[in-house]
Amino acid sequence: MSRLHIADTGLFVAMGQPSNSRYQAVRRFARRNDVTFVLPERVYAELTVDEPDVEAPPIDAAIDEDWSTVAAPLEFSEPVVSRVMDGVQRYIANADDRPADEVERADAALAALAAQHLSTGTATDVYIYTTDVAAGEGAETVLASEGYGDSVRFVNGFQFIEDLVTGDS
């Protein structure tokens, strides 16, 4: 059984800097459980904005420490990847009452990455860590419609970090 742990921008923003107890708790979790958080390219791009007024979350530190990595590009030529990406964008748009073309593509990329790995058999279980409830629920719903309902779990990023910091996990 192969597990894939996919993380979104919000998880890393919520963790803060390496000196923060939240960051340290997630790093300990990853190391103790031999977990590598995989980020779609779009998520990595969001986390590495080059603006002098913005203190970017230290994703590169997590990558250097080998508990996070950036995924290979999504294979949009695979029909399931494109369907899931579009489906999650529509789900989030409906949940947030806004046009689908205004939905962050990084949110939908979480589920598209899961679909890519599930469809090729490189993962049998996927955990999607996101602070965006609509994105997490959308990923579960759309991937279930593709036949992967028993293989995907949405992990609320805020609750995950809180449980680690308070020792409930």
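Student: What makes helix α2 roughly perpendicular to helix α8?

Tutor: This is a predicted model. In it, the axes of α2 (residues 21–32) and α8 (residues 157–166) cross at roughly 90° and come within 9 Å. Angles of 65 to 115 degrees count as roughly perpendicular, so α2 is roughly perpendicular to α8.

Student: Which residues make the contact?

Tutor: From α2, Ser 21, Arg 22, Ala 25, Val 26 and Phe 29. From α8, Phe 160, Ile 161, Leu 164 and Val 165. By class, that gives 7 nonpolar, 1 polar and 1 charged residues.

Student: Why is the pair of Phe 29 and Phe 160 called edge-to-face?

Tutor: Two values decide. The ring centres are 5.0 Å apart, and the cut-off for a pair is 6.5 Å. The planes stand at 85°, and over 60 counts as edge-to-face. The pair is therefore edge-to-face. Phe 29 sits in α2 and Phe 160 in α8, 131 residues apart. Both are buried.

Student: How do you know that Phe 37 and Trp 67 form an edge-to-face pair?

Tutor: Apply the same test. Their centres are 6.3 Å apart, within the 6.5 Å limit. Their planes are 80° apart, over the 60 needed. That pair is edge-to-face too.

Student: What parts does this pair tie together?

Tutor: Phe 37 lies in strand β2 (residues 37–39), and Trp 67 in the loop between α4 and β3, so the pair ties together parts 30 residues apart in sequence. Phe 37 and Trp 67 are buried.

Student: How many aromatic pairs does the structure hold?

Tutor: It holds 7. Ring pairs link Phe 12, Tyr 23, Phe 29, Phe 37, Trp 67, Tyr 129 and Phe 160 into a cluster.

Terms used. Residues numbered from 1 in each chain as written. Predicted model: local features only at pLDDT ≥ 70, side-chain atom pairs only at ≥ 80, totals over all residues. Heavy atoms only, no water. Axes fitted to C-alpha atoms, helices over the stretch in contact; angles between N-to-C directions. Helix = DSSP H or I, 4+ residues; strand = E, 2+ residues; numbered from the N terminus. Parallel < 35°, antiparallel > 145°, perpendicular 65-115°, else oblique. Contact = heavy atoms within 4.5 Å. Nonpolar A, V, L, I, M, F, W, Y, C, P; charged D, E, K, R; others polar. Phe/Tyr/Trp six-rings, centres within 6.5 Å; stacked < 30°, edge-to-face > 60°. Buried < 20%, exposed > 50% of the residue type's maximum accessible area, 1.4 Å probe, protein only.
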